[in-house]
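Biologist: I have a model on my screen and want to learn how to read it. Can we go through it one feature at a time?

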Amino acid sequence: MPAADRDAPGALRGWQASTECQDVALRALAAGEPFAFLTHDATCWYRLTVHPLPGPVTP
């Protein structure tokens, strides 16, 4: 899809609404790896990067 036709906010909302995408992110974080989401539109690139915190996880 050409960059001019991209909707970066829509791509981010679609990622957030996808259980499959969320599972990929959670598996990476659980394995101690960072997760990054990258998209772009006609004017710029957007990247959301999440790094796991060290230490035990408590509910």
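Biologist: Where is Leu48 found?

Modeller: This is a predicted model. Leu48 sits in strand β2, which covers residues 45–50.

Biologist: Which residues form a nonpolar patch on the surface?

Modeller: Leu12, Leu48 and Val50 do. Together they have about 200 Å² of accessible area.

Biologist: Now Phe37. What is the place of Phe37?

Modeller: Phe37 belongs to strand β1, residues 35–40. Apply the cut-off again: the relative accessible area of Phe37 is 15%, so Phe37 is buried.

Biologist: Which residues does Phe37 touch?

Modeller: Leave out residues up to four places away in sequence. Phe37 then touches Ala11, Leu12, Trp15, Tyr46, Arg47 and Leu48. Leu12 and Leu48 also belong to the surface patch.

Biologist: How many residues apart in sequence are Phe37 and Trp15?

Modeller: They are 22 residues apart in sequence. In space, their C-alpha atoms are 8.4 Å apart.

Biologist: And the loop between β1 and β2: is Asp41 there buried or exposed?

Modeller: Asp41 lies in that loop. Its relative accessible area is 16%, under the 20% cut-off, so Asp41 is buried.

Biologist: What joins the side chains of Asp41 and Tyr46?

Modeller: A polar contact of 3.2 Å. Tyr46 is also among the residues that Phe37 touches.

Conventions
Residues numbered from 1 in each chain as written. Predicted model: local features only at pLDDT ≥ 70, side-chain atom pairs only at ≥ 80, totals over all residues. Heavy atoms only, no water. Patch = residues over 30% accessible without salt bridge, like charges linked within 9 Å, V, L, I, M, F, W, Y side chains within 5 Å. Areas by Shrake-Rupley, 256 points an atom, 1.4 Å probe, with all protein chains shown as cover. Salt bridge = Lys/Arg side-chain N within 4 Å of Asp/Glu carboxyl O. Helix = DSSP H or I, 4+ residues; strand = E, 2+ residues; numbered from the N terminus. Buried < 20%, exposed > 50% of the residue type's maximum accessible area, 1.4 Å probe, protein only. Contact = heavy atoms within 4.5 Å. Polar contact = N/O pair within 3.5 Å; in protein donor to acceptor, adjacent residues only side chain to side chain.
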